[in-house]
Amino acid sequence: MAASSASDTQLLKTPLYDLHVELGARMVPFAGYSMPVQYPAGLMAEHKHTRDAAGLFDISHMGQLRLVGPDAAAAFETLMPVDVIDLPAGKQRYGLLLNDEGGILDDLMFFNEGHGSLFVIVNGACKVDDIAHIQRKIGARCEVQPLPDHALLALQGPQAAATLARLSPGIERFVFMTGGAVQIGGIPAFVTRSGYTGEDGFEISVAAKDTDALARLLLAQPEVKPIGLGARNSLRLEAGLCLYGNDIDTTTTPVEASLNWAMQKVRRAGGAREGGFPGAAKILAQLAAATAGAAGHTDHDTLKRKRVGLVALERIPVRDGTVLQSFEGQDIGIVTSGLLGPTADRCVAMGYVATAFAEPGTRLQAIVRGKPVPMEVSTMPFVPTRYYRG
Amino acid sequence: MSIKYTKDHEWVSAEGGAATVGITVHAQDALGDVVFVDLPEVGKTFAQGEVAGVVESVKAAADVFMPVSGEITEVNEALRADPSLANTDPLASGWFFKVKLSEPAQLDALLDAATYDKFAAES
């Protein structure tokens, strides 16, 4: 039961490290950083506070970079099965960096700043490799500018917008997946109305030197409490959002990961800019199989497995790594994330199953400590999302 | 009656040939909000060190080890129904199971309160 205490000396610190310690956070190694997993309130209370009011997250471990130049969007599009070129200025979109086999190197968010500049946020554990990959693949076509002197905060929850509007009048004009440069209590920042909780909220990029002051200003607002990575994980799972390294990785393609919605028509078969991304042949074939599957003729050889939501029919948490079986005892998949959802008030999970078992409503069993736990394939999110779309 | 502790952060309250077992304040604090316990079957026999149950918070699952060899005589159904008792009252109403000791001498090798507190503070 003892927590591991590896050589913490080599861990990086975000600009908010001292504040986390001052707030009584339990710090754990995450993505090479010492990060707050929870504060004294505890995971459950932090999770519920975010769903009820507003929670402040330090996500400064994530990578921030800019791709600059007239060819940046066209170049970036060659790395992802996503429409980058047509994203209007002022808007943000979800993207997926792929390897040549169509496996996912990372998932990310990118924002069109206009004037040939894309602002990109990638996962902390992947950022060094991502930046090297982007530099190697498209460094000759645009300027790749890492932003290591910037921190990233998230303010999430139904009261996030009203709270921020008090400090930055007009910020409420942004709708989901839009954003821009603002001042928050006089501190320059770049915000997007997005997040990783399923709630309305903002992500806030700010200069490292201003981060502590901004975080303290936000925490001084009556609605706001600090939230650790533990609740961040339970919130995102209830929202049906993937955790890179658990639910998606280099061995999963976007189609297997049920991320078809992230691949716009223009990049698909018959689209104006069809293909032209790593692993395109495989992914377009899988998309065709998935589309046929929607019509009731799934090609199980081309698309062997799919990511699905799962709900346990007993109150037993089913965690990542748990084997999924048919009721006949045949292995048909594996759980990649799972916990008791504090808001869902049920044991929820996501995992990969053979496509024949991927239809919502399908019953199967998880083998937990040798005992079968019945589960049902479910649509996601497990808790309704509340993004502000205007 | 004597209360002893293990390096697996469990407590053992023994009297006569029987003992009650639970997890320590330190253990429940490290786990966070407990949402599920898997308790052993009454009548089942375990050797010291075997996994007899599981305690889970939202973020983690931890094995509950048998601190002393013996037979399970009773499990805490109230804890099964309300796992948060492991957080709110770990040393009393949040107990896990009762054991009929097969080797009572094992108790002597467990930690006393002062030794356990020192161990927990360092872990």
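Contact here means C-beta atoms, placed from the backbone, within 7 Å. Axes are lines fitted to C-alpha atoms, for helices over the stretch in contact, and angles run from 0 to 180 degrees between N-to-C directions. Helices (H or I, at least four residues) and strands (E, at least two) are DSSP runs, numbered from the N terminus.

This is a predicted model, in which local features need pLDDT of at least 70, side-chain atom pairs count only at pLDDT 80 or more, and totals for chains, interfaces and linings use all residues. Residues are numbered from 1 along each chain as its sequence is written, while chains are lettered from A and ligands numbered from 1 in the order in which they are written.

Two strands count as paired if DSSP finds at least two bridges between them. Strands β16 (residues 331-341) and β17 (residues 346-354) of chain A run antiparallel and are joined by eight bridges. Within this pair, V348(A) in β17(A) stands opposite L339(A).

## The contact with chain B

Chain A touches chain B through 17 residues, which meet 16 residues of chain B. Three elements of chain A give two or more residues to this side: α2 (43-52), α7 and β16. The residues on this side of chain A are 10 nonpolar, four polar and three charged. In this count, Ala, Val, Leu, Ile, Met, Phe, Trp, Tyr, Cys and Pro are nonpolar, Asp, Glu, Lys and Arg are charged, and the others, Gly among them, are polar.

## The open sheet

Helix α2(A) also lies across β3 (54-58), β9 and β13 of chain A, running at about 120° to β3(A). These strands are part of an open six-stranded sheet. Its order is β10-β11-β12-β9-β3-β13 (chain A), and the pairing is mixed. The edges are β10 (179-184) and β13 (224-226) of chain A; each has a single partner strand, so one side of each is left without a neighbour in the sheet. The twist averages 30° from one strand to the next. Seven bridges link β9 (residues 150-156) to β12 (residues 201-207) of chain A, and the two run antiparallel. L153(A) has I204(A) as its bridge partner in β12(A).

## Around strand β7

Strand β7 (residues 117-122) of chain A is mostly covered, with five of its six residues buried. A residue is buried if 20 or more other C-beta atoms lie within 10 Å of its own, exposed if 12 or fewer, and partly exposed in between. On one pairing, β4 (residues 63-68) of chain A meets β7(A) in the antiparallel sense over six bridges. There, L118(A) is the bridge partner of L67(A). Strand β6 (residues 104-114) of chain A also pairs with β7(A), antiparallel and over six bridges. In that pair L108(A) has V122(A) as its partner. β6(A) and β7(A) form a hairpin with two residues between them, and H115(A) in the turn has a positive phi of about 50°.

The expected span of a helix is 1.5 Å times one less than its number of residues.

| Helix | Residues | Length | Span, first to last C-alpha | Expected span |
|---|---|---|---|---|
| α4(A) | 127-138 | 12 residues | 16 Å | 16 Å |
| α6(A) | 208-219 | 12 residues | 17 Å | 16 Å |

In α4(A) the buried residues are K127(A), D130(A), I134(A) and I138(A). They cover an arc of only 60° around the axis, which puts them on the same side of α4(A). The arc is that of the directions from the helix axis to the C-beta atoms. A132(A) and R136(A), on the other side, are exposed. The buried residues of α4(A) pack against several elements of chain A, including β4, α3 (72-77), β6 and β7.

In α6(A) the buried residues are T211(A), L214(A), A215(A) and L218(A). Their arc is only 100° around the axis, which puts them on the same side of α6(A).

## L287 in helix α8

L287(A) sits in helix α8 (residues 280-294) of chain A. L287(A) counts as buried because 21 C-beta neighbours lie inside 10 Å. Neighbours within four places in sequence aside, L287(A) is in contact with V255(A), N260(A) and R268(A). T302(A) is 15 residues from L287(A) in sequence and 9.2 Å away in space, C-alpha to C-alpha.

Conventions: Two residues are in contact if their C-beta atoms, placed from the backbone, lie within 7 Å.
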